[in-house]
Amino acid sequence: MKVLVATEKPFAPAAVQEIRKIVEANDYELVLLEKYTDKAQLIEAVADVDAMIIRSDKATKEVLDAAKNLKVIVRAGAGYDNIDIAAATANNVVAMNTPGQNSNAVAELVFGMMVYNARSNFNGKAGTELRCKKLGIHAYGNVGRNVARIAKGFGMDVYAFDPFVSSESLEKEGIKPMKSAEELYKTCQYISLHIPSNKETKESIDFDLLSKMPKNGVLVNTARAEVIDEQGVLNLLEARKDLSYLSDIAPKRRAEFEEKFASQILFTPKKMGAQTAEANINAGIAAANQIANLIKNGDKTFQVN
Ligand code: 3PG
């Protein structure tokens, strides 16, 4: 049995080593395709593999149709919007994610970006502090929970909106529940975005919602670029010079943002929220174990299709 690790943005070497150990302990063969530059390379690599592990790599219908022997595909990470789920199901391929494994890494980056912004991009001028500021967590999943934990250490006042999490459970954790996204954005100077990308959330973070933010509002996006209405944010940054947009997933119109709003934005050079050795090892090990457990025991925990 062949297990392909296809990562345009490679795992840390220690993570690959851990994946290899698990794969070889099960007498499977590991095939590595790292830093590929063309979809054709991925299509060629999947031709004879039984299982595959990916990150944000695009598992399109074309890729899945080319993977004739594929039984399982694991997205080593949380968001599986990069897998064509309908195509996986049609091809009898089990699709899985590894929820929670990289969430601390993403949450730590949120604070890195917020501190950098609050301290005037480390330019030596006086900045501000995070303590006592209101932080709104938009979607309280694994990353949101880690953001809340760290925010408490910073002495922030933590709020959250998540239609799937009860007010009681948020209150128990010392978090103020909000009834709607509008209420959250109206209340909090800082917003940390953790909604998944899907049909419902596409471009849902728009001008109307963001214009509710208080003075000196900061939107931090370590989720997905697709949930942002780019034109809306461009219009907003023009209309509200006090607002900032910090994102780990650069917008399509990055150059335009940089040209017009350099002092209001911060974009990482490449999506790096989950790019730590620890997160790679955690997610890589989980992915390899999930494949072995499915093949040996039919264990479908974390199946998403
Ligand atoms: C996730 O959904 O787990 C994160 O967005 C991480 O994505 P990456 O594996 O491409 O860094």
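An oxygen atom of the ligand sits 3.0 Å from an N or O atom in the side chain of Arg-75. This is a predicted model, so to speak of local features takes pLDDT of at least 70, and side-chain atom pairs count only at pLDDT 80 or more, while totals for chains, interfaces and linings use all residues. Numbering runs from 1 along each chain as its sequence is written, and side-chain values use heavy atoms, leaving out hydrogens and water.

Back to the ligand. The side chain of Ser-56 puts an N or O atom 2.4 Å from a ligand oxygen, and a polar backbone atom of Ala-78 is 2.6 Å from an oxygen of the ligand; polar contacts here are pairs of N or O atoms within 3.5 Å. On its own the ligand exposes 320 Å², and the protein buries 94% of that (Shrake-Rupley areas, 1.4 Å probe).

Who else is around it? Residues around the ligand (a heavy atom within 4 Å) include Lys-9, Arg-55, Gly-77, Gly-79, Asn-102, Arg-224, Lys-271 and Ala-274. By class, that shell holds 5 charged, 4 polar and 2 nonpolar residues, with Asp, Glu, Lys and Arg counted as charged, Ala, Val, Leu, Ile, Met, Phe, Trp, Tyr, Cys and Pro as nonpolar, and the others, Gly among them, as polar.

Now for the helices (DSSP H or I runs of at least four residues), with angles on a 0 to 180 degree scale between N-to-C directions.

| Helix pair | Residues | Axis angle | Axis distance |
|---|---|---|---|
| α5 and α6 | 103–118 and 142–154 | about 45° | 8 Å apart |
| α1 and α12 | 13–25 and 277–297 | roughly 20° | within 8 Å |

That makes α1 roughly parallel to α12, whereas α5 and α6 are oblique to each other (under 35 degrees is roughly parallel, over 145 roughly antiparallel, 65 to 115 roughly perpendicular, the rest oblique). The α5 and α6 crossing is right-handed, and α1 also passes α12 in a right-handed crossing (near helix turned clockwise from the far one by less than a right angle).

Note on methods:
A polar contact is a pair of N or O atoms within 3.5 Å; within protein, one must be able to donate a hydrogen and the other to accept it, and residues adjacent in sequence count only if both atoms are side-chain atoms. Helices (H or I, at least four residues) and strands (E, at least two) are DSSP runs, numbered from the N terminus.
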